[in-house]
Amino acid sequence: MKIKQVILRHLKLDLLHPFTTSFGTEYDKDFILVEVKNEDGLSGWAESVAMLDPLYNEETVKTNWHILEDYLIPIVLKNEIQHPDELFEKFFAHLRGNYMAKAAIEGAVWDLYAKEHNLSLSAALGGERSKIDVGVSIGIKDSIEETVETIGERLSEGYKRVKLKIRPGWDVELIDRVRQAYPDIPLMADANSAYTLDDMDRLVALDDYNLMMIEQPLAHNDIIDHADLQARMKTAICLDESIHSVEDARKALKLGSCKIINIKIGRVGGLTEARKLHDFCQANDIPVWCGGMLESGVGRAHNIAITSLPNFTLPGDTAASSLYWAEDIIEPAVTVENGMITIPTTPGIGYEVSLEKVNKYTIYSRTYRG
Ligand code: OSB
Ligand code: MG
C-alpha cells in the first residue's frame with residue numbers, strides 16, 4: 001500500500017442531548033477525522049476518539065494532532081506496507097502510549113486496505129456475524145424518574161441492554177428504583193473510575209440487583225484494587241480504562257481483576273490490537289463487547305465492523321446515529337432495528353462519508369503529502 005496524502009480535519013458536532021458521566025458533561029463533540037488517500041485517489045476514513053479535555057484518559061484533540069502530524073503521518077507517508085497490521089507492529093510500537101492517535105490513522109489505513117481489496121472492513125478483519133446486538137449507555141440525569149423514563153424509551157426502540165452511568169451518590173438508590181421498574185432487563189453500571197476501595201460496602205451492595213457487570217469502578221490505571229474488589233463481589237467486573245493491550249489483559253486475568261473486557265478500538269491503539277485482544281479473550285473464555293466514545297458515524301462504522309468478530313458475545317454501546325446527532329456525516333446513518341445493526345457488506349467501512357457534511361462541520365483542516 002502506498003499512501004500519497006493524509007488529511008486531518010477538526011470537526012465539531014452538537015450532541016442532541018448532553019451526556020454526563022462521573023468525569024463531566026459533554027455538550028458537543030470535537031474530534032479529528034482522518035482521511036488517507038492512495039495513488040488512485042481512493043480514500044480511507046477513521047476518527048480519533050480523543051476528547052477536547054483529558055478526562056476519560058490523558059489524550060486530547062490537540063495532543064492527537066501533534067502526535068499525528070509530527071510522528072504518525074510521516075511514518076505512513078514514508079513506508080510502503082502490505083497489510084495494516086504492520087503499522088502498529090513495526091512502525092508505531094516504539095512510540096509510547098498515544099493509543100487514540102495511533103488508532104485514528106491505523107483505522108483509516110484499514111478502511112483503505114479493505115477498499116483496495118474489495119472487502120468489507122468486517123470481512124477484512126475476519127468477522128463472522130451479519131448482525132450485531134446493540135445496547136445503550138445512559139448518562140447521569142437530573143432525576144431517577146427521568147432515567148426510568150429514558151430507559152422505557154430505549155427499550156421500546158429495541159435496545160438489548162441498558163448501561164447506566166453511576167457515581168458516588170447516584171448508584172444504589174438509582175439501581176434499586178430502576179430494578180423495581182424493570183426487574184428483568186439486562187442491566188449494567190459504568191462508574192468511569194469514580195470509586196476507591198473505601199467505597200467497598202456501597203459497591204458490594206450492588207450485588208443484590210442482578211447486574212450483568214459493573215464497569216471500571218476503581219482508578220483508570222488500576223488492576224490491583226479491582227482484583228480485591230472482584231474477590232468480594234459476585235457481580236462481574238468489566239474493565240474499560242485500565243486495558244490498553246493484550247499485555248494489560250493478561251496481567252488483569254492473572255490477578256483476577258475482571259471477568260469481562262470492554263474493547264474500544266481507540267483505547268488499545270487500533271484495529272490490529274483490538275483484534276488480538278479479542279482473540280486473547282476468546283482463548284481465555286472472557287466475553288468482550290465493544291464500547292463507545294460518542295463517535296460520529298465514521299467511528300461507529302469501525303465499531304460495527306470489529307463487533308462482527310465471534311467473541312463479541314455481549315451487546316455493545318454503538319447505538320443509532322439518531323440518539324446523538326441531528327445529522328450524521330455518513331450516509332446512510334447508523335440505524336438499529338429490533339435492537340440489531342446489520343453489518344454492511346460493501347467495501348471498507350460500508351457507509352459513504354458525505355464530504356458536503358464533513359465540510360459543513362470542519363473548523364480546521366490540513367493536508368500532508370508524501
Ligand atoms: O466509559 O464507556 C465509557 C462515553 C464517553 C467516554 C467514555 C464512555 C462513554 C460511554 C458512552 O459510555 C458510549 C456511547 O454511547 O458512545
Ligand atoms: Mg466505560
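This is a predicted model: local features need pLDDT of at least 70, side-chain atom pairs count only at pLDDT 80 or more; totals for chains, interfaces and linings use all residues.
Q: How far apart are the closest N and O atoms of the salt bridge between Arg154 and Glu153?
A: A salt bridge here is a side-chain nitrogen of Lys or Arg within 4 Å of a carboxyl oxygen of Asp or Glu, and by this rule the count comes to 25. Arg154 is buried at 11% relative accessibility. In its salt bridge with Glu153, the closest N and O atoms are separated by 3.7 Å.

Q: How many residues apart in sequence are the parts that Asp317 and Arg161 tie together?
A: Both residues are buried, and their side chains meet in a salt bridge, 2.8 Å from N to O. Asp317 lies in the loop between helix 11 (297-306) and strand 12 (330-331), and Arg161 in the loop between helix 5 (144-156) and strand 6. Helices (H or I, at least four residues) and strands (E, at least two) are DSSP runs numbered from the N terminus. The pair therefore ties together parts whose separation in sequence, in residues, is 156.

Q: What is the relative accessibility of Asp240, the salt-bridge partner of Arg267?
A: The closest N and O atoms of this pair are 2.8 Å apart. Asp240 lies in the loop between strand 9 (237-239) and helix 9 (246-255) and Arg267 in the loop between strand 10 (260-263) and helix 10 (271-283), so parts 27 residues apart in sequence are tied together. Arg267 is buried, with a relative accessible area of 1%. Asp240 also counts as buried, with a relative accessibility of 0%.

Q: Which residues are joined into one network by salt bridges that share partners?
A: Side chains of opposite charge can pair when their charged atoms come close. Through shared partners, one network takes in Arg161, Lys163, Lys165, Asp190, Glu215 and Asp317.

Q: Which strands are the edge strands of the open sheet of seven strands?
A: This sheet has the order 5-6-7-8-9-10-11 with parallel pairing, where two strands pair if DSSP finds at least two bridges between them. Each edge strand pairs on one side only, and they are strand 5 (136-138) and strand 11 (288-290).

Q: What is the bridge partner of Ile138 in strand 6?
A: Strand 5 and strand 6 (residues 162-165) run parallel and are joined by three bridges. Ile138 has as its bridge partner in strand 6 the residue Leu164.

Q: How many bridges join strand 1 to strand 2?
A: Four strands form an open antiparallel sheet in the order 3-2-1-15. Strand 3 (43-47) and strand 15 (362-369) stand at its edges with a single partner strand each, so one side of each is left without a neighbour in the sheet. Strand 1 (residues 3-21) and strand 2 (residues 24-38) run antiparallel, and the number of bridges joining them is 14.

Q: At roughly what angle do the axes of helix 3 and helix 10 cross?
A: Axes are lines fitted to C-alpha atoms, for helices over the stretch in contact, and angles run from 0 to 180 degrees between N-to-C directions. The axes of helix 3 (residues 99-116) and helix 10 come within 8 Å of each other, crossing at roughly 90°.

Q: Which residues does Leu355 contact, leaving aside its neighbours within four places in sequence?
A: Leu355 is in helix 12 (residues 355-361) and counts as partly exposed at 44% relative accessibility. Its C-alpha is 34 Å from that of His94, a residue 261 places away in sequence. With contact meaning heavy atoms within 4.5 Å, the partners of Leu355 are Arg9 and Trp45.

Definitions and conventions: Residues are numbered from 1 along each chain as its sequence is written. Chains are lettered from A and ligands numbered from 1 in the order in which they are written. Side-chain values use heavy atoms; hydrogens and water are left out. Buried means under 20% relative accessible area, exposed over 50%, partly exposed in between (1.4 Å probe, protein chains only).
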